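Please read these notes with the structure open beside you.

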Amino acid sequence: MSNPGSFPTSSSAHQDHVHTPLCRSCGAPTTAPTPGPWSGTSDSPPPAYRPIRLPAINAPTNTAAIVLSPVPQPLPVPPAAPPHAFQTPTKRIASPDDIARFHASLHGRHFLGFVAALSASVHGRKLSDPLPAPPSAAVSALLDLISALTALVASTPPLPHNSRYGNPSFRLWHEKLTDSASDLIARITSTAASPADLAGAEVELAPYLLDSFGNATRIDYGTGHETNFAAFLYCLARLGLITEPDYAAIVLRVFAAYLNLMRTLQDTYQLEPAGSHGVWGLDDFHFLPFIFGAAQLIDHKYMKPKSIHNPDILENFSKEYMYLACVAYVKKIKKGPFAEHSPMLDDISGVPNWKKVNSGLLKMYKAEVLEKVPIMQHFLFGSLIKWED
C-alpha cells in the first residue's frame with residue numbers, strides 16, 4: 001500500500017471492477033449478461049484509472065516499521081484475583097517513552113493480545129451465525145447496557161443546530177450515561193460467581209465506560225474512545241466476567257451492537273472525528289471493526305478484498321460482515337471517487353486475501369493507535385490495567 005505501510009500498493013484494486021450479480025445466500029457469482037462499460041456516474045474509478053495523490057501531512061510515515069513488525073498474536077488475559085483494591089483510573093502517558101514503557105509492560109502486551117484473540121474468535125463467522133457457546137450472563141448484561149444507552153438516544157433528540165459538527169444534545173445524552181453508569185455496571189458485576197468480591201468495582205470501571213462513547217465537552221469521537229471500550233472489556237475479562245468462550249459473542253453481538261450505537265450517535269449528534277487522519281485513515285471514527293470484519297471474511301470462498309468495489313456485495317452482505325458495513329458507511333457519507341476519499345481502503349482492496357488484510361490491520365492498530373501519544377494520552381490506568389514504573 002502506498003502509505004499505510006503494511007499492505008502493498010496494487011493497481012489490481014481497480015482491475016476487473018465488474019459488478020457480477022451474486023447469490024443472496026452465499027455470495028457466489030451467478031450467470032448474467034456482460035455489463036456495460038464503466039460510466040462517469042459511478043463512484044468508483046474506471047479500471048485503468050489511478051489517481052495522482054498529493055502528500056498529506058498526516059499520512060503514516062513509519063511504513064517500514066509496520067511492515068517489518070511481527071503480527072500481534074492472541075494472548076490470554078491475566079486474571080485479577082481477589083481481594084481487589086479498586087481505584088479511580090488515571091492518565092499516565094505523556095511521551096513516546098511512556099508509550100514504550102506501556103508496550104513493554106504485562107498489560108500492554110496482553111491488551112493487544114486480547115484484541116488479537118477477539119479477532120481470532122470470529123474467523124469465518126457471520127454476524128448472524130449461531131454462537132459457539134450460549135451467551136453468558138455477563139454478555140447478556142452488556143447487551144442490555146447497550147440497549148439502554150440506545151434508548152436514551154430516542155429520548156434525547158438533537159437540538160436545532162446550524163454547525164456541521166457538534167449538536168449540543170449529545171452533552172445531555174452523555175449526562176444521562178453518567179447518571180446511569182454505576183447501575184448499568186452493577187448489573188454486569190452481579191453476574192460474577194461471587195458478586196461480593198467485586199463490590200466497589202464501579203469506581204474503576206465507570207471511567208472506561210464513560211470515555212467509550214466520545215467526549216461530551218468537545219462532542220467528538222475517535223479511535224481512542226473505541227480503544228477505551230476495548231479496555232473496558234479487558235477489565236471485565238480480568239475480573240473473570242468475560243472468558244474465552246465468550247469472545248465470539250463479544251465481537252459478533254456486543255461489539256456489533258456497540259458499533260451500531262456509535263453510528264447512531266455519530267449521525268444523530270454530528271460527532272466530530274477526534275484526531276482523524278482524513279483520507280489517510282480507514283474511516284473518520286473506527287479501526288477495530290475493520291480488524292474484526294476482515295477476520296470474519298478469512299477463507300471466504302467468493303468474497304475477496306477487491307469485492308468491496310462491488311455494490312451488490314455491499315448491499316447484500318454488509319449486515320453480515322463488519323468490514324463491508326464500514327465500507328458501505330464510508331461510501332454513504334463521502335462523495336467522489338472512492339480511491340480519492342479513501343485511498344487506504346482502496347489500496348487494501350488490492351491485497352490478495354483477507355488473512356493478510358487482518359494481520360496487516362492488527363500491526364497497523366498497534367502502530368497507528370496504540371503507539372500514538374495524542375491518542376494514548378487519554379488511556380486510563382488503575383488496579384486492573386496497571387502502570388508499571
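1. Which helices each supply at least two residues of the lining of the largest cavity? They are α3 (106–120), α7 (223–238) and α9 (288–296). Helices here are DSSP runs of H or I with at least four residues, numbered from the N terminus. The largest share of that lining, 3 residues, comes from α7.

2. This is a predicted model, in which local features need pLDDT of at least 70 and side-chain atom pairs count only at pLDDT 80 or more, while totals for chains, interfaces and linings use all residues. Residues are numbered from 1 along each chain as its sequence is written, and side-chain values use heavy atoms, with hydrogens and water left out.

3. The structure holds 1 cavity of 30 Å³ or more. A cavity is a set of points, on a 1 Å grid over the protein atoms alone, where a 1.4 Å probe fits but cannot get out. The volume of the largest cavity is about 40 Å³, counted as the space filled by probe spheres set on the points.

4. V115, L118, F229, A230, L233, F255, L288 and F292 form the lining; a lining residue has an atom within 4 Å of a point. By class, the lining has 8 nonpolar residues, no polar and no charged. Ala, Val, Leu, Ile, Met, Phe, Trp, Tyr, Cys and Pro count as nonpolar, Asp, Glu, Lys and Arg as charged, and the others, Gly among them, as polar.

5. A249 belongs to helix α8 (residues 247–269). Its relative accessible area is 4%, so A249 is buried (under 20%, with a 1.4 Å probe and protein chains only). Beyond neighbours within four places in sequence, A249 is in contact with L131, V139 and V254 (heavy atoms within 4.5 Å).

Definitions and conventions: Buried means under 20% relative accessible area, exposed over 50%, partly exposed in between (1.4 Å probe, protein chains only). On a 1 Å grid over the protein atoms alone, a cavity is a set of points where a 1.4 Å probe fits but cannot get out, and a pocket is an open set with protein on both sides within 12 Å along at least five of seven lines; lining residues have an atom within 4 Å of a point.
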